[in-house]
Amino acid sequence: MTITKISRRSFLFLGGATLAQGLSLALPSYAQPVQIGKSQINGIPFYQTTVDLTDPKTFITIGLAKNANFANTIQKTSGDEEFNKLVARYKATVVANGTFFAKNPQKTVMGNMIAGGKVLKYSPWENFGTTLGLRVGNKPEMITARVDGKPEWDKHWFSITCGPRLLRKGEVWLNPSIEGFKDPSVLGSGARTAIGFTQDGTKLVLVNFEINLSLQQEAEAMKAIGCYEAMNLDGGASRALASKNNILVPAGRPLTNVIVIYDGTNPAPTDLQQAWLRFQKEAKPSIS
């Protein structure tokens, strides 16, 4: 992908709105449904991936270690895998770290998870964290279970739970204790990634920050970038990003799950495209 540098006097445009001045920004030299650029705002450098959710060739899914069919649980696990192997296998436009996983031998993945209209993990009692879900037509929603009630999992084509939530209806919203977060490594300052979407719901924004941030700093940055809803993803040694098989941010440890994004330049596998068409006809994921 060709990258064009834009001067510090340029503006960042996302969804047609001017968001910040004095921003060092790199954007693709031509419009495409998935754009990756290296930018900075308020002195914070980051990689920004912007995904056009309205493009029919855009597909967002989840990749699991060892190409497993189900995410790790206490009862069954596939362990973890080196990030470069995950990138090589999925051959996508973007591969990035996903949600938290435990340090136990099973490397248990946090939260319920749906990808390609298929349930990868489901526990009916789980009500912590915040969930980003994509419904029919790639319509995004963000739900904090202990505040909004449990998500309608059976309405999601894609669903990943993480947190804490950073933005709610365009404003900073930080209540990690309500969501069930107690780990100092999550609540303190650290290497972070975040995901969110614009107010009109047409653009998904994935941000990989390059310096350690507090949750407050992360939330303020996501708001300045132009997100209306946003949540924190796994970070620290899990922070990772690749574009078209080129690793931009190497992971510091093997991972259990990654967010995988395809577009017209790197088409989604045929079975994923077919699953999408079925889902649009009300073929919902089965939860039992």
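Student: In which sense do strand S9 and strand S13 pair, and over how many bridges?

Tutor: Good place to start, and keep in mind that this is a predicted model. Strands of a sheet pair through backbone hydrogen bonds, either parallel or antiparallel. Here, S9 (residues 113-115) and S13 (residues 158-162) run in the antiparallel sense, joined over two bridges. To find one of them, look at Met 113, whose bridge partner in S13 is Ile 160.

Student: What is the strand order of the open sheet?

Tutor: Five strands make up this open sheet, in the order S10-S9-S13-S11-S12, and the pairing is antiparallel. S10 (118-121) and S12 (140-144) are the edge strands; each has a single partner strand, so one side of each lacks a neighbour in the sheet. From one strand to the next, the twist averages 25°.

Student: Let's turn to helix H1. Which of its residues are buried?

Tutor: For H1 (residues 83-90), they are Phe 83, Leu 86, Val 87 and Tyr 90. Viewed down the axis of H1, the buried residues fall within an arc of 100°, so they line one face of the helix.

Student: What covers the buried residues of H1?

Tutor: The cover includes strands S7 (59-64), S8 (94-97), S19 (241-243), S20 (246-249) and S21 (257-262). Just after H1, check the backbone too: Lys 91 has a positive phi of about 50°.

Student: How many cavities of 30 Å³ or more does a search of the whole structure find?

Tutor: The search finds one. About 50 Å³ of space lies in the largest cavity. Its lining residues include Gly 111, Asn 112, Phe 128, Trp 153 and Thr 161.

How values were computed. Residues are numbered from 1 along each chain as its sequence is written. This is a predicted model: local features need pLDDT of at least 70, side-chain atom pairs count only at pLDDT 80 or more; totals for chains, interfaces and linings use all residues. Side-chain values use heavy atoms; hydrogens and water are left out. Two strands pair if DSSP finds at least two bridges between them. Helices (H or I, at least four residues) and strands (E, at least two) are DSSP runs, numbered from the N terminus. Axes are lines fitted to C-alpha atoms, for helices over the stretch in contact, and angles run from 0 to 180 degrees between N-to-C directions. Buried means under 20% relative accessible area, exposed over 50%, partly exposed in between (1.4 Å probe, protein chains only). The arc is that of the directions from the helix axis to the C-beta atoms. Contact means heavy atoms within 4.5 Å. On a 1 Å grid over the protein atoms alone, a cavity is a set of points where a 1.4 Å probe fits but cannot get out, and a pocket is an open set with protein on both sides within 12 Å along at least five of seven lines; lining residues have an atom within 4 Å of a point. Grid points are joined across faces, edges and corners, and a volume is the space filled by probe spheres set on the points.
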